[in-house]
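Here is a short briefing on one predicted model.

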Amino acid sequence: MRHPRIIIASISLAAAAALGGGITAATATTSAASSRPAASQHAAATVRTVQATVGGKTETVLVNSQGLPLYYYLNDTAAKSVVTGGLAALWPPLTSASPAAAGLTGKVTAGTDIHGDQVSYNGHLLYTFADDQPGQVTGQGVQGFFVATPGLTPITGSATAGSSSTAGTAPAAPSGNPLGY
């Protein structure tokens with residue numbers, strides 16, 4: 001029995017975003033051997049803050065245990081992720097059955113969805129970007145994803161079945177900037 005030959009091409013996501021104004025899910029290619037996103041899955045996730053450059057300005061952003069910036073997707077709701085397939089390969093969801101918060105006043109929870117126990121901050125489901133390195137924010141505004149900040153405005157009605165709180169509530173984002181920074 002002959003097996004088909006699989007060829008996988010890759011391109012720097014940041015370079016492609018710069019050239020084409022963004023990457024679409026259709027341009028992502030993933031290997032069948034890796035059906036789960038590469039973000040920090042299975043382990044306890046700690047959400048904390050660091051200073052990073054976002055759009056030319058130094059901002060306080062949320063990061064995961066490995067220091068990778070965390071993002072939220074505009075089209076998600078507090079109860080449902082719409083990030084699937086190739087898009088989820090580029091934007092791996094942050095999952096943990098028991099997330100922790102370090103130095104945050106916002107609400108960090110884990111709720112069961114299509115990705116398993118996906119972590120959220122103030123109701124916004126959290127993701128990393130496949131092209132980021134610790135302390136480096138390259139996905140800001142790409143494909144409807146925005147970097148999460150401590151002042152991210154809570155989604156009304158963000159409590160989901162099976163979620164557990166590990167922190168208090170955060171103040172609303174300053175007026176004039178819906179991203180919370």
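Tyr127 and Phe145 are both buried. Seven aromatic pairs are counted in this predicted model. Tyr127 and Phe145 form one of them, with edge-to-face geometry.

**Aromatic pairs**
- Tyr127 sits in the loop between β7 (124-125) and β8 (145-147), whereas Phe145 belongs to strand β8.
- The pair therefore ties together parts that lie 18 residues apart in sequence.
- Ring pairs also join Tyr127 and Phe145 with Tyr71, Tyr73, Trp91 and Phe129 in a cluster.

**Three-stranded sheet**
- Three strands make an open sheet in the order β2-β1-β4, and the pairing is mixed.
- The edges are β2 (57-63) and β4 (100-101).
- Each edge strand has a single partner, so one side of each is left without a neighbour in the sheet.
- Strand β1 spans residues 46-54.
- β1 and β4 run in the parallel sense where they pair, over two bridges.
- Val47 stands opposite Ala101 of β4.

**Gly116**
- Strand β6 (residues 116-121) contains Gly116.
- Is Gly116 buried, partly exposed or exposed? Its relative accessibility is 27%, so Gly116 counts as partly exposed.
- The C-alpha atoms of Gly116 and Ala97 are 8.4 Å apart in space, while the two residues are 19 apart in sequence.

Terms used. Residues are numbered from 1 along each chain as its sequence is written. This is a predicted model: local features need pLDDT of at least 70, side-chain atom pairs count only at pLDDT 80 or more; totals for chains, interfaces and linings use all residues. Side-chain values use heavy atoms; hydrogens and water are left out. Two strands pair if DSSP finds at least two bridges between them. Helices (H or I, at least four residues) and strands (E, at least two) are DSSP runs, numbered from the N terminus. Rings of Phe, Tyr and Trp (its six-membered ring) pair if their centres lie within 6.5 Å; planes under 30 degrees apart count as stacked, over 60 as edge-to-face and the rest as tilted. Buried means under 20% relative accessible area, exposed over 50%, partly exposed in between (1.4 Å probe, protein chains only).
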